[in-house]
Amino acid sequence: MRYVSIIVFVLSFSAQASALTGIPLNSEHAALRAECDRIEESYPDFACLRFELYQSSSENLVRDLKELKELNDWRLQQASWALLIETLMSSMNHQIHRYEDPADRMMMEKTKAKNHWQLLQLKQGLEHFWVDPNTYWFPSVNAISFVAVNITQSQILVISHGERN
């Protein structure tokens with residue numbers, strides 16, 4: 001009987017757990033991620049954007065957003081699409097200009113353009129934007145994270161860009 005009580009407790013806890021699930025973007029994004037991995041290995045002071053897409057439900061969207069915020073210790077502030085584009089592209093430009101060789105810069109510029117295109121592809125349906133300008137990854141990377149919500153599809157998109165310190 002004691003084991004039955006434990007199982008019931010675990011099942012009731014699981015039922016209350018978040019329905020938030022990470023979903024893969026598209027094959028174009030997977031190809032971009034592979035290219036970014038190669039470029040980032042060749043140019044350690046350059047970083048691509050990181051895209052994470054989460055599926056929620058209309059009933060749980062607010063709760064799931066709050067859970068992501070707490071899990072990542074974000075201090076979110078209101079933002080806009082224009083701020084997102086300006087900040088992320090400027091950050092990537094800053095990293096590109098650390099390199100002197102025009103061929104190196106051209107390689108990174110092409111990758112930056114593909115990251116920009118991916119942002120434009122994901123923009124459709126996004127309605128609310130927030131930013132945490134001081135996201136911290138691992139012991140050696142400071143990042144900026146933008147969070148956007150597509151209310152009609154109950155999706156949360158996280159876009160981050162890191163800077164090694």
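Modeller: On a 1 Å grid over the protein atoms alone, a pocket is an open set of points where a 1.4 Å probe fits, with protein on both sides within 12 Å along at least five of seven lines, and its lining residues have an atom within 4 Å of a point. Grid points are joined across faces, edges and corners, and a volume is the space filled by probe spheres set on the points. This is a predicted model in which local features need pLDDT of at least 70, side-chain atom pairs count only at pLDDT 80 or more, and totals for chains, interfaces and linings use all residues. Residues are numbered from 1 along each chain as its sequence is written, and side-chain values use heavy atoms, with hydrogens and water left out.

Biologist: How much space lies in the second largest pocket, and which residues lie nearest its centre?

Modeller: The second largest pocket holds about 230 Å³. Its lining has 14 residues, with Leu 53, Gln 121, Leu 122, Gln 124 and Gln 155 nearest the centre. Helices (H or I, at least four residues) and strands (E, at least two) are DSSP runs, numbered from the N terminus. Helix α5 gives the largest share of this lining, 3 residues.

Biologist: What classes of residue make up the lining of the second largest pocket?

Modeller: Ala, Val, Leu, Ile, Met, Phe, Trp, Tyr, Cys and Pro count as nonpolar, Asp, Glu, Lys and Arg as charged, and the others, Gly among them, as polar. The lining comprises 6 nonpolar and 8 polar residues, and no charged ones.

Biologist: How is the packing of two helices described?

Modeller: One gives the angle between their axes and the distance between the axes. Axes are lines fitted to C-alpha atoms, for helices over the stretch in contact, and angles run from 0 to 180 degrees between N-to-C directions. Helix α2 (residues 27-42) packs on helix α5 (residues 102-123) at about 150°, with the axes 11 Å apart. The two are therefore roughly antiparallel (an angle over 145 degrees). Contact means heavy atoms within 4.5 Å; among the residues making it are Leu 32 and Ile 39 of α2 and Met 108 and Trp 117 of α5. This contact divides into 6 nonpolar, 5 polar and 3 charged residues.

Biologist: At what angle do α4 and α5 pack?

Modeller: Helix α4 (residues 81-96) and α5 pack at about 165°, with their axes 10 Å apart. These helices, too, are therefore roughly antiparallel. Residues that meet include Trp 81 and Leu 88 in α4 and Leu 119 and Lys 123 in α5. By class, 10 are nonpolar, 3 polar and 4 charged in the contact of α4 with α5.

Key
Angles under 35 degrees count as roughly parallel, over 145 as roughly antiparallel, 65 to 115 as roughly perpendicular and the rest as oblique.
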